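Please have the sequence and the model open while reading.

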Amino acid sequence: MMAAGGADVDAGAPGSQLPPWERESAAREAAEGRTPFCHRRCHTGVMPLQVGDTEYNYCCDLQTKEKSFPTSNEVDNGNFSAKIRFLWHASIAAGVKAGTCTILELVETLGSLLENADPRMRARGLQVLSEVLLQCYSLLQEKEVTHLVLFFENRLKDHHTVIPSVLQGLKALSMCAALAPGLAVSVLKAIFQEVHVQSLLQLDRHTVYSIITNFMSDRETELKSLGADFTFGFIQVMDGEKDPRNLLVAFQIVRDIIIKGYALGPFVEELFEVTSCYFPIDFIPPPNDPHGIQREDLIASLRAVLTSTPAFAEFLLPLLIEKMDSDVQSAKMDSLQTLNAACIIYGQKELKDFLPSLWSSLRREVFQTASERIETEGLSTLRSLSTCLSRSVLSSDDEDLLDSFLGGILKDCRHHLCEPDMKLVWPSAKLLQAAAGGSLRAYYQITSNVFPLLVEQYNKHLQSSQRRTILEVLLGFLELRQKWGPEEEDKSPLLCSKDALCSMVFSALVEPNVQLQLVGIRALTFLGLLQGLLDFPDVDRLVDSLARFILHEEDSQTSLAAMEAAGTLTPFYPEAVSRCLVRKLSEGLQSESQEDSTEFQQDRCLQALAAVSTHPSITKETVPVLLQHLQEVEKGSMQGGIHSVVSVCRSLKQMALQCQQNTQNYWDLHQAVVPCLMGLAVQAALQENTHTMLSKVLLKEEALSAMARVISAACMYLSPELAAQSVSKVVPLFLDGELSFLPGNSFPGTFQPFQGGQCQVETQKKLVALLMAFVCSLPRNVPVPQQDRLLRELLALSCSSDCPFAATAAAKCFAGLVNKHPAGPQLDELLGAAMAKLEQGLNDGPCRSQALTLLLWVSKALLLRYHPLTTHLTDKLLVLLGDPVLGPAVGDGFALLMADSPDVLGKSCHADVRLMFRQRFFTECVPQLVQGFHTAAPGVKANYLKGLSHILNHLPKPVLVTELPTLLPLLLEALSCPDCVVQLSTLHCLQPLLLDAPLVVSLHVDTLVGKFLGLTDSPAMAIRIAALQCLLALASLPTPVVIPYKPRVIRALAKPLDDKKRLVRKEAVTARGEWFLLGTPGR
């Protein structure tokens, strides 16, 4: 058998019957020279055993009734325990290692066994010698190795029971560095001549393969001197091998024979036959296989052999064609993948005689396939064949096989392109595209025939569906062209057909069919991406067409496709986009001040300006346009109000994310956008009492949140140096009212957001949301100036402000900075002050809600970084669940703790987020939650269920499944909770569990059916939909479990079929249909 890790273990070897720990202990005792004792721990007098000049002592287990001490014959005749025999071998090996005796002295001592007339006794003596050699082979001298090799070679002619022990000895010698030149060849010749390998047990055959592998690794030159005799000898050794453990080694040996250049001589076909007989691999590993050999391992190993040399081509290709034509799907797949791999080393010479048959088989697999995987693999193989034929160097007298091969493909597929309504048009197009994808030469040859045909068919067929099919085929060829560089040859098919193709695509854009327009836009995009293909007039026409779709097309799908195309083409044609598109979009945005303008048109212009900002020069134009538009909204001269502000901010955020890869462009955008937005907001806060449009719009929470998202996106990708430069200006703005870096000088007052008292200052506090977005998006290694003072101000504001928006922003900002703060006394002092503030706030009536918000955000900040204070804060939250006023909000707060943060505590903002924080929180918190639920008053039990539901809803599914038996009763009770949030969260949690843990769920199916049916009548649409989805999942449980409920469920689901909401009716139809089919044959 084979041990883990590939090591060989002889079941009959001394010591192999011992447990591993006992074997190791015994070997250690022997190596250290300590007196080993038997398993009975007998401490009576020990008896000596003489080997050479050394005595070895053993306990009374070695004593017999007849003699005072045992001989080697007695030790190995089976009368002693496995441990004693192993101790004997290990002690001798230790003596050899210590130099107190030699191997030759051991051979002399074993003489009585080695010369015994009984082959079993000779085998035992050789077994002892081999065991010692396996432990001491590195210490042998050349003279000893030579004598031993000759000795073991001679013993290969002995009785068959002796052979396994001889092979073990030869394996040990094959690893000796002192092996004299010529002995490796001598050993292999002896094995090839004297040993019938396939009659041996699996372990012994593996030993032979190991000997060959060792010699091939260290004695390559000597083995090559055998010539083809070595290859023939190995063929005899391997022929008939069936064990997968041995096959993996044998396949590797064959591959090494080929790759390392061993002579194959006249045995090429024999070597192929001895390996190809296993193709295709049909192996199913036994259950609980300790060796871990998979079918894929054997497939990959055999494929590496079959595709290792072109010399196998004349034998391999007919075999692959035969298997591709079979009805076995796995054989087809294996054959296609093997052919794909073989094409890497084959040339025209190897493929020439088989190309017609190969094409016939591949064509059939694509035209008549019943499997998408086989079709995909067949197309990939065709592409590889095309690449192989393109790669070969031709002489003037050779036939161009690529030309004739592609000619046959065109002949069989071309006419199907003339029938765009027929089903074979797409298989034919795929085959042509796969063949064209092999090389640029193949692409030119295919497309020179296909492009004119497609243009002709497009003009011939007038129906939109037919034209769309033809354009989609063209689109496939245009996409394929991206694999190679720009057009260089004047006579390339694209350049020759450019005018006709452009005319065809532009004509599609004026068709009334939306789907045809969409394909036309995509085709036009790929034409534009082929640099050097379009002339300046064509580029202008292209951009004008996109501008028309963006500005005037009523269908939003077409307009969005045009925006995407414009964004893709802008880096290639920035001048044309600036001249034709940006100008029109800017004019369209200015025209929105007219009375007949709509928010929809304005949004489209803003969205398009963001979409085309994919080049630095365009970004420099579009950013001022958007900021100018925001200023127009500020002055009240532009319609839209809050909606316009949010739309502009959405576009600015998209632009910031698009230019993050270009450091200079990103920094330019940051310098333009951040000061402008903060300046407009500060201006609004200082003029709030004037009641201008500015103050009414920019100070709304929705507008400030939108601006905060822009500022965050414009900061999170700054380099530490640039971020430090910018933060040194922003923090003094909020702490000291330093306005000098803001654009404009007309600020009618002082900016003091952290000062209390005046109504105007209360308005200024809302702008802390912009500070939060800025400082919490910076990299962790950027120092924040006056950080301690800033944190104290934020802590005070988070618990004292009358404005919940400002208090929440301050709490989030405080939490974001705490999360990134380095550990140490400063952080401990800061958290101590925060805890004192929280204790005071939670006990003070007016600020309890703000204090809870701060507690939740600080808890999340510390939970993400595994701070020790997290446990204390969690306990505080669990206590607050029992609060009749704050309890419901605390329950909802558990969702905040478990969910990914989109802003200040997210990975995109460089927060310190440790792995598996959810699992850790679950382990620490849920047992207390469950206990608290059972001991809580009836009026607050729902709070505990809400918290538990939120935790489980965000927990990774594998963790949840393991805990389900304990938690499922609580989840069922949560479904009866009147709180809609609890019900919805619990339904979302249960729905995947119905599919992943059917055995546990089946125990509660009666309760689940009743709960789910009751919730299908809930006033909340989301709950009705979720309940119907759970009923659908419930039908996937084992049929005997759910079949008794089939009539009840079908009757109950009749009512949701008439629900006033379409989405509910849709889910009801799906669920009821699945329950109708429950128990039917074939389900």
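Which residues in α28 meet which residues in α30? Val-539, Asp-540, Val-543, Asp-544, Ala-547, Ile-550 and Leu-551 in α28 meet Ala-576, Val-577, Arg-579, Cys-580, Leu-581, Lys-584 and Leu-585 in α30, where contact means heavy atoms within 4.5 Å. This is a predicted model, in which local features need pLDDT of at least 70 and side-chain atom pairs count only at pLDDT 80 or more, while totals for chains, interfaces and linings use all residues. Residues are numbered from 1 along each chain as its sequence is written, and side-chain values use heavy atoms, with hydrogens and water left out.

**Helix pair α28 and α30**

- By class, the contact of α28 with α30 has 10 nonpolar, no polar and 4 charged residues; Ala, Val, Leu, Ile, Met, Phe, Trp, Tyr, Cys and Pro count as nonpolar, Asp, Glu, Lys and Arg as charged, and the others, Gly among them, as polar.
- Helix α28 spans residues 536-552 and helix α30 residues 574-590; helices are DSSP runs (H or I, at least four residues), numbered from the N terminus.
- The axes of α28 and α30 come within 9 Å and cross at roughly 20°; axes are lines fitted to C-alpha atoms over the stretch in contact, and angles run from 0 to 180 degrees between N-to-C directions.
- α28 and α30 are therefore roughly parallel to each other (angles under 35 degrees count as roughly parallel, over 145 as roughly antiparallel, 65 to 115 as roughly perpendicular and the rest as oblique).
- The crossing of α28 and α30 is right-handed; a crossing is right-handed if the near helix is turned clockwise from the far one by less than a right angle, and left-handed if anticlockwise.

**Helix pair α42 and α44**

- Helix α42 (residues 825-843) and helix α44 (residues 870-880) have axes that come within 13 Å and cross at roughly 5°, which makes α42 roughly parallel to α44.
- Met-835, Glu-839 and Leu-842 of α42 make the contact with His-872, Leu-873, Lys-876 and Leu-880 of α44.
- The residues of this contact divide into 4 nonpolar, 1 polar and 2 charged.

**Helix pair α12 and α13**

- Helix α12 (residues 228-238) and helix α13 (residues 244-259) pack at an angle of about 165°, with axes 12 Å apart.
- α12 and α13 are therefore roughly antiparallel to each other, and their crossing is left-handed.
- Phe-230, Thr-231, Phe-234 and Met-238 in α12 meet Leu-247, Ala-250, Phe-251, Ile-253, Val-254 and Ile-257 in α13.
- By class, the contact of α12 with α13 has 9 nonpolar, 1 polar and no charged residues.

**Cysteines**

- A search of the whole structure finds 0 disulfides, a disulfide being a pair of cysteine sulfur atoms within 2.5 Å.
- The sulfur of Cys-799 is 7.0 Å from the closest cysteine sulfur, in Cys-847, too far for a bond.
- Cys-799 counts as buried at 6% relative accessibility, and Cys-176 counts as buried at 4% (buried means under 20% relative accessible area, exposed over 50%, partly exposed in between, with a 1.4 Å probe and protein chains only).

- Arg-1024 lies in helix α52 (residues 1021-1034) and counts as buried at 6% relative accessibility.
- Not counting residues up to four places away in sequence, Arg-1024 touches Leu-1015, Thr-1016, Asp-1017, Ser-1018, Pro-1019, Asp-1059, Lys-1061 and Val-1064.
- Leu-1037 is found in the loop between α52 and α53 (1039-1042) and is buried, with a relative accessible area of 2%.
- Leu-1037 and Pro-998 are 39 residues apart in sequence and 5.8 Å apart in space, C-alpha to C-alpha.

How values were computed: Helix = DSSP H or I, 4+ residues; strand = E, 2+ residues; numbered from the N terminus.
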